[in-house]
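Trainee: I would like a close look at a single part of this model. Please take me through it.

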Amino acid sequence: MHFSSHLTIPRDAGLFQLALAFLGYRLYNLAMVWEYVKQALKLLEQEQGTIIKDWGGRIPIALVYPNSYYIGMSNLGFQTIYGLLNNYENIVCERAFANWQHDRRRDPRQELKSISLETQQELGEFAVIAFSISYELDYLNIARILETCGIPPLAKDRDDSYPLLIAGGPPVTANPEPLAPIFDCIAIGEAEAILPNVIDILGQTDQDDRSALLEALSQVPGIYTPNFGPHKPVQRQWAQDINVFSTVSTVLTPNTEFGNLYLMEVSRGCNRGCRFCMAGCIFKPMRWRSKETLIEAAKEGLTYKKRLGLVGSAISDHPQIEQITSDLTGLGADISLSSLRIKPLSEVMLKAIAGGVTRTVTLAPEAGSERLRKAIKKGISEDDILAAVDMAAAYNIKQIKLYFMIGLPTETDDDIGELARLAIACRQAVNKVSKSTRLMVNVTPFIPKAQTPFQWLPMTAPDIINKRVTAIKTALKNKNIEVKGEGSKWSQVQAILSRGDARLADVLIDMKANTLAEWKRSMAKFELRAEDYAGRQIPTDEQLPWQHIDNGVSSDQLIRELTSALKQD
């Protein structure tokens, strides 16, 4: 067990002192192990749907979410992969997390664990460790998790005695390079399309022959093997028919953001074409689940929970969404949605939310001015936004949340003034119907993402972002509008990792703690500058670190969208 890496012994210690020190060290580790086991058992007791399989004759895979249990178990993608892997008879999959905190207020980068949840096995005992990654900032936990369980973070330092390391998820599908030196394989695309071939190879190839295993995996469509050449373009893979796969809550637990919901994926992908959106680019093409499939899934879910959480980037674009919504409410379901389209705003869906417990509607104007919404290709006007807010208030919605980004390309101080003015106009529209309805404005910094039309553009300077967040809060003070504004504290780091290259792996491994001071120290140690990654406009003819990833959208297409945005077309 590698729960503690330090055993301090005086240089002049005798044999007896050495024995006592070693015994104390072992007792300390045993105490820590027992404490972790108790924490695991407590979490497991509160779960429904946990899958525990015998290891005999099966390939053990540790599925790691590099953040807290609370956040990981709120992620439907993570839960889906857990279920998919355990559907294979020859696989036993157990979950692991950066830590087992189930309080979102706790720091997810503390108390790193190195054992699985289901049977408390050391991660080094698994044949494969698969990381499911949803956010760039979770990269900061990966090397520390590996070091905690005695696994060298760099792939080149690991021999056949160590587990095979695989990564997947939206940020690495867009740009895997910051993690390329760490992982043996990186999945480019959706797990449903890639896993069958990977599982076949794991079952047929000698696990002790790493070279042969990587050779076979390098031939799988959608698998990128960074340290095993020769390299060739890797095409993103996707599931053509999502009805074939079940994407619902696999494990139910109260210790998540959605502890009172049964989550169901309604759609995947988006056809709207917003120029800032990575998800819209890497989850193409747009796919919908059939009404029949969703109703059957809902019937199953309602045996566990009364509330159903409908998940998808473009739920209201489903051609049968109003009939689906009516059928679900007819089954007695209380419906919750991640967000609603402002245009068109479905009155049937709004009515269903109004009849539920939370009665919260989330709308995303993204930008405050007409000019800026046109630049990002949002496709909605101020009249559309006000009409949506007015309709929501008319249905006695308890809380309306408006999401905006700041620091968008071509944004000026005037656009920020327009954002504040629009928020006040929304408050006034709500007041005409219900002064008791809460209005919340949430502002987050724009992060340029790989594989989008804005991938070449710099992130707005942190001091300007902070200034604009303050301006919004000042303008909306005493306006009966709650403002949540995220400054640039970690956003610049996220932007660096989003557009980064393989040199950043050294920074991630070198960090001793997940603090900004440590990040800056390590960046300086390797002579890397934040401005070169986040603050620089990249020429469109420059070779990009993620150029070898084929997401199905050509550079020419992205450049045309970028040009239109800058010309305000």
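Which residues are buried in helix 4?

Mentor: First, the ground rules. This is a predicted model, where local features need pLDDT of at least 70, side-chain atom pairs count only at pLDDT 80 or more, and totals for chains, interfaces and linings use all residues. Residues are numbered from 1 along each chain as its sequence is written, and side-chain values use heavy atoms, with hydrogens and water left out.

Now the helix. Tyr-139, Leu-140, Asn-141, Ile-142, Ala-143, Arg-144, Ile-145, Leu-146 and Thr-148 are buried in helix 4. Buried means under 20% relative accessible area, exposed means over 50%, and partly exposed lies in between (1.4 Å probe, protein chains only). Helices here are DSSP runs of H or I with at least four residues, strands are runs of E with at least two, and both are numbered from the N terminus. Helix 4 is largely enclosed by the rest of the structure, because 9 of its 10 residues are buried.

Next, what comes after. Gly-150 follows helix 4 and has a positive phi, near 75°. Further along, Asp-159 sits in the loop between helix 4 (139–148) and strand 4 (164–168). Asp-159 is partly exposed, at 43% relative accessible area. On the surface, Asp-159 gathers with Asp-160, Asp-206, Asp-208 and Asp-209 in a patch of negative charge. Patch residues have over 30% relative accessible area and no salt bridge; like charges are joined within 9 Å, and nonpolar side chains (Val, Leu, Ile, Met, Phe, Trp, Tyr) within 5 Å. A salt bridge is a side-chain nitrogen of Lys or Arg within 4 Å of a carboxyl oxygen of Asp or Glu. Asp and Glu count as negative, Lys and Arg as positive; His and the chain ends are not counted.

Definitions and conventions. Areas by Shrake-Rupley, 256 points an atom, 1.4 Å probe, with all protein chains shown as cover. Charge placed at Lys NZ, Arg CZ, Asp CG, Glu CD.
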